[in-house]
Amino acid sequence: FPSHDNVFDHWSVMKEQDDGSLHGDCDDFALSVLWKICDEDIVSFLVNVMILHRYRIYFAKTNNGEGHAVGYAKGLYFDNWTREALPKDEFIKKTNHKIQFPWLLPFMFVQLTLGLFMRFKKGK
C-alpha cells in the first residue's frame, strides 16, 4: 500500500470541516461523489459500487505517470482535477489520464475498512 502521512493510505468519504472545507485526495473525492450518487445509503452503495459495479473507481495514470483515482457513474468520468463529470473521450482529452482498470471488491473492501478504522481511531 502507498504511504500517506506515515500510515497506510485509506479511502474515506470526505466530511465537511468546521470552516466548510473538504479534505481528501483523489480516491476520497471519487468515493465521496459515488456515496452522494447512492443517496448516502449503504445498501445502495454496496449494491451499485461494490457488487454490480454500476459505479466505479478506476486506477489511472496521470500524464507524469503517477497513480490516480478516477470516478465513473452513468457513462461519465470525473476526478478531483476536473471536478466535473465528462464523457470518456472528453475527460481523457481534458486530463490526459490513462484509465487502467476498475478497483473491485477485495481491494475496495480493504481500503474502506482502513478508512473506517482510521476515522474511528482519530475520533472523527
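Some ground rules come first. Residues are numbered from 1 along each chain as its sequence is written, and side-chain values use heavy atoms, with hydrogens and water left out. Because the model is predicted, local features need pLDDT of at least 70 and side-chain atom pairs count only at pLDDT 80 or more, while totals for chains, interfaces and linings use all residues.

Helices here are DSSP runs of H or I with at least four residues, strands are runs of E with at least two, and both are numbered from the N terminus. Helix α1 covers residues 26–37 and helix α2 covers residues 42–51; their axes come within 9 Å and cross at roughly 115 degrees. An axis is a line fitted to C-alpha atoms, for helices over the stretch in contact, and the angle runs from 0 to 180 degrees between N-to-C directions. α1 and α2 therefore count as roughly perpendicular to each other (65 to 115 degrees; under 35 is roughly parallel, over 145 roughly antiparallel, and the rest oblique). The crossing of α1 past α2 is right-handed, a label used if the near helix is turned clockwise from the far one by less than a right angle, with anticlockwise giving left-handed. On the α1 side, the contact is made by Leu31, Leu34 and Trp35, and on the α2 side by Ile42, Phe45 and Val49. Contact means heavy atoms within 4.5 Å. Sorted by type, the residues of this contact come out as six nonpolar, no polar and no charged. For that sorting, Ala, Val, Leu, Ile, Met, Phe, Trp, Tyr, Cys and Pro are nonpolar, Asp, Glu, Lys and Arg are charged, and the others, Gly among them, are polar.

Helix α2 also meets helix α4 (residues 105–122), with axes that come within 10 Å and cross at roughly 130 degrees. That angle is why α2 and α4 are oblique to each other. From α2 the contact takes in Phe45, Val49 and Met50, and from α4 it takes in Leu105, Met108, Phe109 and Leu112. The tally for the contact of α2 with α4 is seven nonpolar, no polar and no charged.

Next come the aromatic rings. A search of the whole structure turns up ten aromatic pairs. Rings of Phe, Tyr and Trp (its six-membered ring) pair if their centres lie within 6.5 Å; planes under 30 degrees apart are stacked, over 60 edge-to-face and the rest tilted. Trp35 and Phe45 have ring centres 5.8 Å apart and planes at 65 degrees, so they form an edge-to-face pair. Since Trp35 sits in helix α1 and Phe45 in helix α2, the pair ties together parts that are ten residues apart in sequence. Trp35 counts as buried at 19% relative accessibility, and Phe45 counts as buried at 4%. Buried means under 20% relative accessible area, exposed over 50%, and partly exposed in between (1.4 Å probe, protein chains only).

Phe59 and Trp103 are edge-to-face as well, because their ring centres are 5.6 Å apart and their planes stand at 70 degrees. With Phe59 in strand β3 (residues 56–61) and Trp103 in the loop between β6 and α4, this pair ties together parts that are 44 residues apart in sequence. Phe59 is buried at 19%, and Trp103 is buried at 18%. Ring pairs also link Trp11, Phe59, Phe101, Trp103 and Phe107 into a cluster.

Strand β3 also holds Tyr58, which counts as buried at 11% relative accessibility. Tyr58 and Gln100 are 42 residues apart in sequence, yet 6.9 Å apart in space, C-alpha to C-alpha. Pro102 belongs to strand β6 (residues 98–102) and counts as partly exposed at 27%. Not counting residues up to four places away in sequence, Pro102 touches Arg56, Ile57 and Tyr58.

Asp39, in the loop between α1 and α2, has a positive phi of about 55 degrees although it is not a glycine. Asp39 counts as exposed at 66%. Lys74 is not a glycine either, and has a positive phi of about 55 degrees. Lys74 is in the loop between β4 (67–73) and β5 (76–78) and is exposed, at 62%.
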